Amino acid sequence: PATVYAEAKPGYTFTGWSGTGSGSEPQQQITLTENSILTANFVRNSLGNGSSLVINEINYNSSDVFDPEDWVEIYNNSGSLMDLSGWYFSDEQNDHQFFFPDGFTLEAGGYVVISRDTARFKEVFPSVSNVIGDMDFGLSGGGELLRIFDANGTLIDEVTYSDEAPWPAEADGEGATLSLTNPGLDNTQAENWAASTGNGTPGAENSDVMVHTEEEAFRDQPLSISLQQNYPNPFNPSTTISYQINSPGQVQLTIVDITGRTVAEIVNAYQAAGHYSVSWNAHSDGVASGVYLYRLEAQGQVLSKKMLLVK
């Protein structure tokens, strides 16, 4: 017999085997034949409706005259003190990891800046003390996926930013930062980000915080179910898919190839009415370049659109 082992990548959970083997234990012993087919099944961890930690401000391409190096600001949205020992920040490469120091805590409503070069950062922002580092990797000047994981490797928050519209152009080398207009908003949607005033507000409330009233929230309630074109498209390796549902219910969002085979399940959860955006990293799912369909199933309807993965 051969021994096989399934290991989930960060942000995913192993759910069991199918095919020649079965069961939910990650380690299996099987007798292989020429007809053996063994499949390890994984699901993407759900982020929920509100992340406890939020990526709140991003400085990915400083201006030539004001350059503190790359940094990202994290906000504690949980409502309580958080011990971040073992938690880490990463980009779309799994081996790029910055771990919070052991014993590091962040108060409710608190901010912390993770810097590529803390010495350089403090020269430029001498009054900002809530900064940690150094990251041994930088942020892409063209946009990329940024993620936060807890000590168990569970994905807590993720953002795929870009230097192209609809993302603010002023953050691309002109001195501004990408600034989330309200830490309670969905930070996967470009419309919820703005260019900061000045050179950003690291370690503090963003310069252009926007408050939504109940009347505005009601006005924004979707009137129908819809699925938007992914952005960017074509893409490599990450893209964002946005959709809306006008009544609560079970929602499933999957990626299928041109033969109809499911290659990734992005959402499978009960969701309230509202607007949603999720990021898909094809590299994490080991998907080859080509044409794919993303399919939304909700409220007894099935909507789908095409997208192109290039490598």
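Reader: What order do the 6 strands of the open sheet come in?
Author: The order is 12-11-6-5-15-16, and the pairing is mixed. Strands here are DSSP runs (E, at least two residues), numbered from the N terminus, and two of them pair if DSSP finds at least two bridges between them. This is a predicted model, where local features need pLDDT of at least 70, side-chain atom pairs count only at pLDDT 80 or more, and totals for chains, interfaces and linings use all residues. Residues are numbered from 1 along each chain as its sequence is written, and side-chain values use heavy atoms, leaving out hydrogens and water.

Reader: Which strands stand at the edges?
Author: Strand 12 (131–133) and strand 16 (193–195); each has a single partner strand, so one side of each has no neighbour in the sheet.

Reader: And how do strands 15 and 16 run?
Author: Antiparallel, with 3 bridges joining strand 15 (residues 178–180) to strand 16. Ser179 stands opposite Ala194 in strand 16.

Reader: New topic: what domains does the assignment give?
Author: Domain 1 (2–44), domain 2 (53–215) and domain 3 (221–309); the bounds come from an automatic or database domain assignment.

Reader: How much do domain 2 and domain 3 bury between them?
Author: About 900 Å², 42% of it on carbon and sulfur atoms. Buried area is the accessible area (1.4 Å probe) that two parts lose on being put together, summed over both. Glu92, Thr160 and Thr188 supply 44% of the area domain 2 buries against domain 3, more than any other three residues.

Reader: How many salt bridges across that interface?
Author: The rule finds 0, taking a side-chain nitrogen of Lys or Arg within 4 Å of a carboxyl oxygen of Asp or Glu as a salt bridge.

Note on methods
Helix = DSSP H or I, 4+ residues; strand = E, 2+ residues; numbered from the N terminus.
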